[in-house]
Amino acid sequence: MTFLISLALAALLVRFCAKSLKAHPIPYYLGATALAAAVVLCTVHGVRFPGWFNTWVWPIFSHGALSTALFVLVMWTGALPNGSGLIKTLMPIRGELSILASILTLGHNLSFGRTYFRLLFTQPGRLPANQVCAAVCSLTMLCIMLPLFITSFKKVRRKMKPGNWKKLQRLAYGFYTLLYVHVMLLILPYALKGKGAYLLNVLVYSCVFLSYALCRVLKHRAVKNRDASRLVLGQKKAAAGAIAVSLCLTLVLTACGGGAQEPTASEVPEEQTVQAIQDTTPAPADDRTVTDAAPAPDAEPAPETETPE
């Protein structure tokens with residue numbers, strides 16, 4: 001549900017702020033930086049929020065839901081038919097959206113990396129297997145994202161050869177794939193236990209990412225063959241197929257989780273899990289060695305390519 005709310009917020013940002021974001025991006029970057037810093041500070045100092053805020057607002061920023069939603073808009077720009085209304089709106093601000101998403105993801109990675117990345121390198125046995133894999137995915141995404149993030153800034157991009165820039169941007173395909181894998185690694189264990197909110201997340205994320213993958217392939221073929229006449233119809237059928245597959249996956253997970261268990265320690269909110277791990281993990285001699293070296297994801301280019309700016 002938080003991801004759906006984040007998608008709605010991202011859509012509203014584009015709808016009402018596209019022109020100002022393109023003309024004056026700096027205030028937006030500063031706002032995103034302030035939000036990212038607030039997430040890190042609140043996490044480090046263990047700030048407690050009211051129940052409703054902790055459920056509906058905090059995860060949008062701390063869990064990277066909003067940054068993921070922004071990346072989804074950037075991602076889908078590369079799959080939309082050229083000349084469509086959406087691509088005319090999104091393409092001019094593709095790079096700016098990618099920079100905003102990257103800044104917000106830095107806050108997410110720095111706050112959670114403080115615990116999870118530290119344990120990954122010092123006591124990996126304390127983490128469940130899915131969280132170890134998710135942390136490895138995060139680090140790999142960070143390595144992909146940083147050069148894409150930096151080269152999304154126009155001043156940097158103009159100093160690069162167009163061919164080299166486009167080659168670099170192709171790394172975004174790997175980033176998007178890892179992003180989906182990362183999310184699935186974290187939510188599938190709960191979905192397998194029949195948790196409704198996580199089942200909904202599996203459905204929504206799968207619809208968004210699988211539909212994108214199919215539509216991107218179809219667009220690539222249409223551009224390569226110089227035949228876009230049937231692209232829209234083909235993409236509609238592909239999206240319908242991806243939705244059907246996502247529904248089947250969700251139904252299978254629902255059936256697997258039919259016997260439902262009582263809540264276990266692994267099902268408490270992620271902030272509580274983080275706090276529990278921190279409370280039982282000896283602090284390093286110098287706390288500055290904690291993962292202050294953990295950032296986040298992506299940026300994008302032109303219609304015919306599919307990567308972050």
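Modeller: Two residues are in contact when their heavy atoms lie within 4.5 Å of each other. In this predicted model, Leu97 touches Leu13, Val14, Leu21, Leu70, Leu73, Val74 and Leu90, leaving aside residues up to four places away in sequence.

Biologist: What makes Leu97 stand out in the largest nonpolar core?

Modeller: That core has 58 residues, and Trp76 and Leu97 touch the most other members. Two or more residues come from each of α1, α2 (25-44), α5, α6 (85-90), α7 (94-122), α8 (129-150), α11 (171-191) and α12 (196-224). The largest share, 10 residues, is given by α11.

Biologist: How many helices and how many strands does the protein have?

Modeller: There are 14 helices and zero strands. Read along the sequence, the pattern is α-α-α-α-α-α-α-α-α-α-α-α-α-α.

Biologist: Which residues form the contact of α1 with α5?

Modeller: From α1 they include Phe3, Leu7, Leu13 and Val14, and from α5 they include Leu66, Leu70, Val72 and Leu73. By class, this contact has 13 nonpolar, three polar and no charged residues.

Biologist: What makes α5 roughly antiparallel to α7?

Modeller: Their packing angle is about 155 degrees, with the axes 8 Å apart. The cut-off for roughly antiparallel is an angle over 145 degrees, so α5 and α7 qualify. Their crossing is left-handed.

Biologist: Which residues meet where α5 packs on α7?

Modeller: Among them are Leu70, Leu73 and Val74 in α5, and Leu97, Leu100 and Leu104 in α7. The residues of this contact divide into 10 nonpolar, five polar and one charged. Arg94 in α7 is one of the residues of the contact; Arg belongs to the charged class.

Biologist: How do you know whether Thr140 is buried, partly exposed or exposed?

Modeller: The relative accessible area of Thr140 is 34%. Buried requires under 20% and exposed requires over 50%, so Thr140 is partly exposed. This residue is found in helix α8. Its C-alpha atom is separated by 9.5 Å from that of Gly174, although Thr140 and Gly174 are 34 residues apart along the chain.

Biologist: Is Arg226 buried or exposed, and how do you know?

Modeller: Arg226 has a relative accessibility of 79%. The cut-off for exposed is over 50%, so Arg226 counts as exposed. Arg226 is placed in the loop between α12 and α13 (231-256).

Biologist: What is the phi of Arg226?

Modeller: Phi of Arg226 is near 55 degrees, a positive value in a residue other than glycine. Most residues other than glycine have a negative phi.

Biologist: What share of the residues in the protein is buried?

Modeller: Of the 309 residues, 47% are buried. As for contacts between residues at least 6 apart in sequence, 79% join residues at least 24 apart.

Terms used: Residues numbered from 1 in each chain as written. Predicted model: local features only at pLDDT ≥ 70, side-chain atom pairs only at ≥ 80, totals over all residues. Heavy atoms only, no water. Helix = DSSP H or I, 4+ residues; strand = E, 2+ residues; numbered from the N terminus. Core = buried A, V, L, I, M, F, W, Y, C linked by side-chain atoms within 4.5 Å. Buried < 20%, exposed > 50% of the residue type's maximum accessible area, 1.4 Å probe, protein only. Axes fitted to C-alpha atoms, helices over the stretch in contact; angles between N-to-C directions. Parallel < 35°, antiparallel > 145°, perpendicular 65-115°, else oblique. Left-handed = near helix turned anticlockwise from the far one by under 90°.
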